[in-house]
Amino acid sequence: MSHLRREFLKILFQKRTYFGWVGLFLVPFIITVAMRLSSEGPPDPAHGGPYFIGLIKTNGLYVSVGSLLALVSFLLPLLASMAGSQTIASEAEKGTLRTILMQPVRRGALLLAKWFIANVYVGIGLLILLAGSLLAGGVVYGLKPMMLLNGETVGLGESLWLIFLAYAFVLAAMAAVVSLGVALSTLTDSGLTAMAAGLVLVIIMLVLGSLSVFDFLRPYLFTSHFDAWVNLFARPIDWDPIYKALLNFLVWTVGMTTIAWLIFRRKDILS
Amino acid sequence: MQEDRRIVLSTHGLTKDFKKLRALDNLNLTVYEGDVFGFLGPNGAGKTTAIRLIFGLTYPTSGYVNVLGHKVPEQRQQALRHLGGFVDDPTFYGNMSARRNLRLIGEMNGEVTEKRITEVLELVGLAERANSKVGGYSHGMRQRLGIALALLHRPELIVLDEPTSGLDPQGMRDVRELIRELGRQGTTVFLSSHLLHEVELVCNRAAILSKGRLVAQGPVDQLRPAGGAVKVLTRNQRRAAEVLRALASPRAVRAEEEYLVIESASEDLVPEMVRRLVAEEIDVLAVIPATEQSLEDIFFELTERVAVEGEESGR
């Protein structure tokens, strides 16, 4: 049994895994019901992000984009931070880390497997969110070709492809959060501490990114790039902010995972 | 004394500091093939620190461990292929059954068959609860499961940290019998314990650790003094003590009620003592063998000596 299979099996045996996934499945239904009960009309296209949420009433496909917008700045980072921070710290807290490290395993391979499965967990969560969105939106409003930000309409197939790319982009963004969580997880023997620390850092980055006095920091904070996927829905697609965002996520992901490995490979397991 | 048997486990100048605290100081242990080796010491002596270093869970400040020719921490993975056991309380995934835990963790060390899992669970008396979640297990049951995991791959060396802790008397007896049986089958067992009689019952060799330092190591029967203790009854205990202290050593003579107890009294020493006492015109009323000094006595004597020496060097 490979490390990956073993780590995946472990998360399948945890109740919190299903709480996270069920929560993500329910969000699109809540948004759809809220829109159904709302009396507001379609929004002005100039509003960008919120524009998609308002369009839900015209096309169920927008539920998937609206759900992503609603969750990308807090709930998804929370989930990613939780997944990353549970990797080492939670096992250290329970004492099982020493049990598995008393087996002939490479610490680096174990850490990488845990990092990968934490990302798989977030990835499955995003797929569940997408499935729930298509189901809720499709049932209530039907799935139709999408109108993009410039008012151009694209076919249903291309619409679904763009939505899939947007979700893949968010998965890359969340990989940076997972990696931050994994790095913090190697520093403490408390899963809760690691998760809280990860979330606090994400919130600090969000705050820094929202204050104009710290504008010089914005390009370096991964949180500032969370919504760059919206550019996928422009015509022509503005790839520049998307590439910059992906590069930023890559640097954070590689950097944080490397830090985690450097700490973990020589860490004294005292728990 | 050099033994002919193969060395299974050895530590070489093993030292571990935690910030300013020296938890283990220049530990040099040798465990031979087939030994049931007792690792004794009071709480905080550094036993668990040493075991963590043996498993490569922590990194030494200096020195190293050698497990069947593999240096730890450098060759930790190769060493762990020959090693089974647990440190502190054995820990498992509480939301999984014992069987699944053994499969999940055991497969990190190579293939595990269901038949072997059943065998080890039967051996430790957990076969009937094999499919129950470990979260519902008592402390004693987790201890047994820890032993089952240690045995799963039939390692050449088993390191157990206080394996009878938390067990009921019957459980303790079963585990000790299991350890003895492993020893009879040729498996080398390294047993950490604070229960001195357990080490006397189960082990053939032992080491005593105090304040991170090794104070004694060797066959259990040789850890006791070579000669037995004798009790001497005289008409003048004070003068007799002076004579005997001059003859033996000041530390070897102590008063116990109306008797003087002379430790490590060899066969040559006893007639010489009587001759000297008679020469000094001290009437000798009786010379009788004292109860044999137990490992417990040795343990307290050695650990207290280290404590006194530590205090003196601190002044």
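Okay, to start: is B:R154 buried or exposed, and how many other C-beta atoms lie within 10 Å? Hold that thought for a moment while I do the housekeeping.

What we have is a predicted model, where local features need pLDDT of at least 70, side-chain atom pairs count only at pLDDT 80 or more, and totals for chains, interfaces and linings use all residues. Residues are numbered from 1 along each chain as its sequence is written, chains are lettered from A, and ligands are numbered from 1, in the order in which they are written.

Back to B:R154. The residue is exposed, with 11 other C-beta atoms within 10 Å. The cut-offs are 20 or more other C-beta atoms within 10 Å for buried, 12 or fewer for exposed, and partly exposed in between, with C-beta atoms placed from the backbone. Phi of B:R154 is positive, near 45°, and the residue is not a glycine. You'll find B:R154 in the loop between helix 5 (139-151) and strand 8 (157-161) of chain B. When I say helix or strand, I mean DSSP runs numbered from the N terminus: H or I with at least four residues for helices, E with at least two for strands.

B:K211 is another non-glycine with a positive phi, about 50°. B:K211 sits in the loop between strand 10 (205-210) and strand 11 (213-219) of chain B. This one counts as partly exposed, with 19 C-beta neighbours inside 10 Å.

Staying with chain B, look at helix 1, residues 47-54. Seven of its eight residues are buried, so we call it mostly covered. Among the buried ones are B:K47, B:R52 and B:I54.

Now, cis peptides. In chain B, the bond from B:V72 to B:P73 is cis, omega near 20°, and B:P73 lies in the loop between strand 6 (70-72) and helix 2 (76-80). In chain A, the bond from A:R235 to A:P236 is cis too, with omega near -5°. A:P236 belongs to the loop between helix 9 and helix 10 (239-265) of chain A.

On to helix packing in chain A. The axes of helix 5 (residues 75-94) and helix 9 (residues 191-210) come within 7 Å and cross at roughly 150°. That makes the two roughly antiparallel, since the label applies to angles over 145 degrees. Axes here are lines fitted to C-alpha atoms, for helices over the stretch in contact, and angles run from 0 to 180 degrees between N-to-C directions. Contact means C-beta atoms, placed from the backbone, within 7 Å.

What about chain A against chain B? The contact takes 22 residues from chain A and 18 from chain B. On the chain A side, helix 1 (3-12) and helix 6 (96-101) each supply at least two residues. Helix 6 of chain A gives the most, with five.

Chain B divides into domain 1 (7-223) and domain 2 (228-289), with bounds from an automatic or database domain assignment. Their C-alpha centres lie 45 Å apart.

Notes:
Angles under 35 degrees count as roughly parallel, over 145 as roughly antiparallel, 65 to 115 as roughly perpendicular and the rest as oblique. Two residues are in contact if their C-beta atoms, placed from the backbone, lie within 7 Å.
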